Amino acid sequence: AGWRMVGDPSGKSARTRWRVLQRRGQRALVLFEPETGRTHQIRVHAAEGLGTPIVGDPVYGKAGGPMLLHAWKLRVLRDGKPPIEAEAPLPKSFAAAGFALPETADAAV
């Protein structure tokens, strides 16, 4: 078992900005920027909002191969303290799918 969230008009609000960075055939590298922090927010918004689940997502899409979901950059704001920031390169599974983070992605974020 596990969690499976669904969009509900009477539920709590969840907002995610997104844009396509690259396309490879029927796949795309999409940058998601959640403005809220709900459980499985990006996965639900990809599957329900965009109508295309994240590759390999066993809950909201179709399992098989690695799930191509990666936290490239994180920034956690804290009251009265400097934010916590982290950055990680794309995993090898993204390269195997034909994707690399474009040099211009950082400037456009």
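Is His40 buried or partly exposed? His40 counts as partly exposed because its relative accessible area is 23%, where buried means under 20%, exposed means over 50%, and partly exposed covers what lies in between (1.4 Å probe, protein chains only). Before we walk on, please note that this is a predicted model, in which local features need pLDDT of at least 70, side-chain atom pairs count only at pLDDT 80 or more, and totals for chains, interfaces and linings use all residues. Residues are numbered from 1 along each chain as its sequence is written, and side-chain values use heavy atoms, with hydrogens and water left out.

Let us start with the overall plan. The protein has four strands and three helices, and these are DSSP runs numbered from the N terminus (helices are H or I with at least four residues, strands are E with at least two). Read from the N terminus, the order of elements is β-β-α-β-β-α-α. Of the 109 residues in the protein, 19% are buried. The protein exposes about 7,900 Å², and carbon and sulfur atoms supply 54% of that area; such areas come from the Shrake-Rupley method with a 1.4 Å probe, and for residues only the protein chains shown count as cover. Now think about contacts, which means heavy atoms within 4.5 Å. Among contacts between residues at least 6 apart in sequence, 43% join residues at least 24 apart.

Next, come back to His40, which is found in the loop between E2 and H1. Its phi is near 60°, a positive value in a residue other than glycine.

Helix H1 itself has a buried side to look for. Its buried residues are Gln41, Arg43, Val44, Ala46 and Ala47. An α-helix has 3.6 residues a turn, so residues three or four places apart point the same way. What covers the buried residues of H1 includes strand E1 (16-24) and strand E2.

Strand E2 (residues 27-34) is also where you will find Ala28. Ala28 counts as partly exposed because its relative accessibility is 34%. Leaving out residues up to four places away in sequence, Ala28 touches Val20, Gln22, Arg23 and Phe99. Ala28 and Val55 are 27 residues apart in sequence, and their C-alpha atoms are 9.8 Å apart in space.

Val20 turns up again on the surface. Together with Trp18 and Leu50, Val20 forms a nonpolar patch with about 240 Å² of accessible area. Patches are made of residues with over 30% relative accessible area and no salt bridge, where nonpolar side chains (Val, Leu, Ile, Met, Phe, Trp, Tyr) are joined within 5 Å and like charges within 9 Å. Leu50 is found in the loop between helix H1 (41-49) and strand E3 (73-78). Leu50 counts as partly exposed because its relative accessibility is 30%.

Now for the charged side chains. How many salt bridges are there? The count comes to five, with a salt bridge defined as a side-chain nitrogen of Lys or Arg within 4 Å of a carboxyl oxygen of Asp or Glu. In one of them, the side chains of Glu35 and Arg15 meet at 2.3 Å, N to O. This pair links distant parts of the chain, with Glu35 in the loop between E2 and H1 and Arg15 in the segment before E1, 20 residues apart. Glu35 is partly exposed because its relative accessibility is 36%, whereas Arg15 is exposed because its relative accessible area is 52%.

Another salt bridge joins the side chains of Glu33 and Arg17 (4.0 Å, N to O). Here too the pair links distant parts of the chain, since Glu33 is in strand E2 and Arg17 in strand E1, 16 residues apart. Arg17 counts as partly exposed because its relative accessibility is 47%. The side chains of Arg17 and Glu35 also meet in a salt bridge (2.9 Å, N to O). Glu35 lies in the loop between E2 and H1 and Arg17 in strand E1, so this pair ties together parts that are 18 residues apart in sequence. Through shared partners, salt bridges join Arg15, Arg17, Glu33 and Glu35 into one network.
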